[in-house]
Amino acid sequence: YPENFIGIQTYSGGYNALEGAEHYAYMGQKFRGVCGSSYINRTTLLESYYKEIKDLVEMLKDGACADVSATATYAKPDKSAIRVTAESTFGFDASDEDFRLAFVLLEDKVGPYTQDNSFYSNPSAPDDSNDWLNEWRHNDSQVTMMYDNVLRGVYSDDQGIAGSLPSTVEKGKTYHYEFTFSVPIPQYSNITYNKDNYRVVALLI
């Protein structure tokens, strides 16, 4: 991370519910209320904290059959809009397909927020460097966190932008697409978004 995969965090309820999170509402229904669940590649539900890293590593071994990159700049001096330029290159030929691009606006360094540490056990227990939860087990029962990769919006939505890629693609050929969207406004007066911490990632769907 972040070279081989992208993490997108969403939350629900409370005053820090996110603009754009409604685009992923159908995934929230699949979570069935299990906190800390995740989807890999928008298809594989993981409800086990211990299984998550292992499954992700296994999936990454398959590699990608296409490459997409994006550059983003503010389209207006007041930073109220973002212009994204994307380049997509496929590793195969295909025709009569419905490939699409979607753009995800993320914010880093969100917080600080206090949260329960469900993995708290015994701070005085011996360290186990082989346990990826080791740091959490030796932390307090409540921790103060700053969050990266927080979802602020999905454009145009999680199903992608119709016509953003041609229905026929050629192996090795690069396709260009440009899209501009408005920066979201927080729902609540006591919440602010830091535009200096925004990032845009492109999803090939």
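**Strands, cores and local backbone features of a predicted model**

Asparagine 117 is found in the loop between β6 and α3 (134-137); helices (H or I, at least four residues) and strands (E, at least two) are DSSP runs, numbered from the N terminus. The structure is a predicted model, in which local features need pLDDT of at least 70 and side-chain atom pairs count only at pLDDT 80 or more, while totals for chains, interfaces and linings use all residues. Residues are numbered from 1 along each chain as its sequence is written, and side-chain values use heavy atoms, with hydrogens and water left out.

Asparagine 117 is buried, with a relative accessible area of 6%. Here buried means under 20% relative accessible area, exposed means over 50%, and partly exposed lies in between (1.4 Å probe, protein chains only). A polar atom of the side chain of asparagine 117 lies 3.0 Å from the backbone oxygen of aspartate 140. This falls under the definition of a polar contact, a pair of N or O atoms within 3.5 Å; within protein, one must be able to donate a hydrogen and the other to accept it, and residues adjacent in sequence count only if both atoms are side-chain atoms. Not counting residues up to four places away in sequence, asparagine 117 touches Trp136, Asn139, Asp140, Ser141, Gln142 and Val143, where contact means heavy atoms within 4.5 Å.

Strands of a sheet pair through backbone hydrogen bonds, either parallel or antiparallel. In this model, three strands form an open sheet in the order β3-β4-β9, with antiparallel pairing; two strands pair if DSSP finds at least two bridges between them. β3 (66-74) and β9 (174-182) stand at the edges with a single partner strand each, so one side of each is left without a neighbour in the sheet. Neighbouring strands of this sheet are turned by 20° against each other on average, direction ignored. For such angles, axes are lines fitted to C-alpha atoms, for helices over the stretch in contact, and angles run from 0 to 180 degrees between N-to-C directions. Strand β4 (residues 81-90) pairs with β9 over nine bridges in the antiparallel sense. Threonine 85 has glutamate 178 in β9 as its bridge partner.

Serine 69 belongs to strand β3 and is partly exposed, with a relative accessible area of 34%. Its C-alpha atom is separated by 5.4 Å from that of glutamate 87, 18 residues apart along the chain. Residues up to four places away in sequence aside, serine 69 touches Thr85, Ala86 and Glu87.

Strand β5 (101-107) is mostly covered, with seven of its seven residues buried. β5 is joined to strand β10 (residues 198-204) by seven bridges, and the two run antiparallel. In this pair, leucine 106 stands opposite arginine 199. Five bridges join β5 to β8, also in the antiparallel sense, and leucine 105 stands opposite glycine 153 in β8.

In soluble globular proteins, nonpolar side chains tend to be buried together. A nonpolar core is a set of buried Ala, Val, Leu, Ile, Met, Phe, Trp, Tyr and Cys residues joined through side-chain atoms within 4.5 Å. The largest such core has 23 residues, of which Ile82, Phe103, Leu105, Phe179, Phe181 and Val200 touch the most other members. β4, β5, β9 and β10 are the elements that give two or more residues to this core. A second, separate core of seven residues includes Ala102, Leu106, Val154 and Leu203. Beyond four places in sequence, the contacts of leucine 105 include Ile82, Val150, Phe181 and Val200.

Two peptide bonds are described here as cis. One runs from glycine 111 to proline 112, with omega near 5°, and proline 112 is placed in strand β6 (residues 110-116). Another joins tyrosine 155 and serine 156, with omega about -5°; serine 156 is in the loop between β8 (150-155) and β9.

Positive phi values also occur in residues other than glycine. Lysine 109 has phi near 60° and is located in the loop between β5 and β6. Lysine 109 is exposed, with a relative accessible area of 57%. Asparagine 149 has a positive phi of about 60° and lies in the loop between β7 (142-147) and β8. In contrast to lysine 109, which is exposed, asparagine 149 is buried, with a relative accessible area of 10%.
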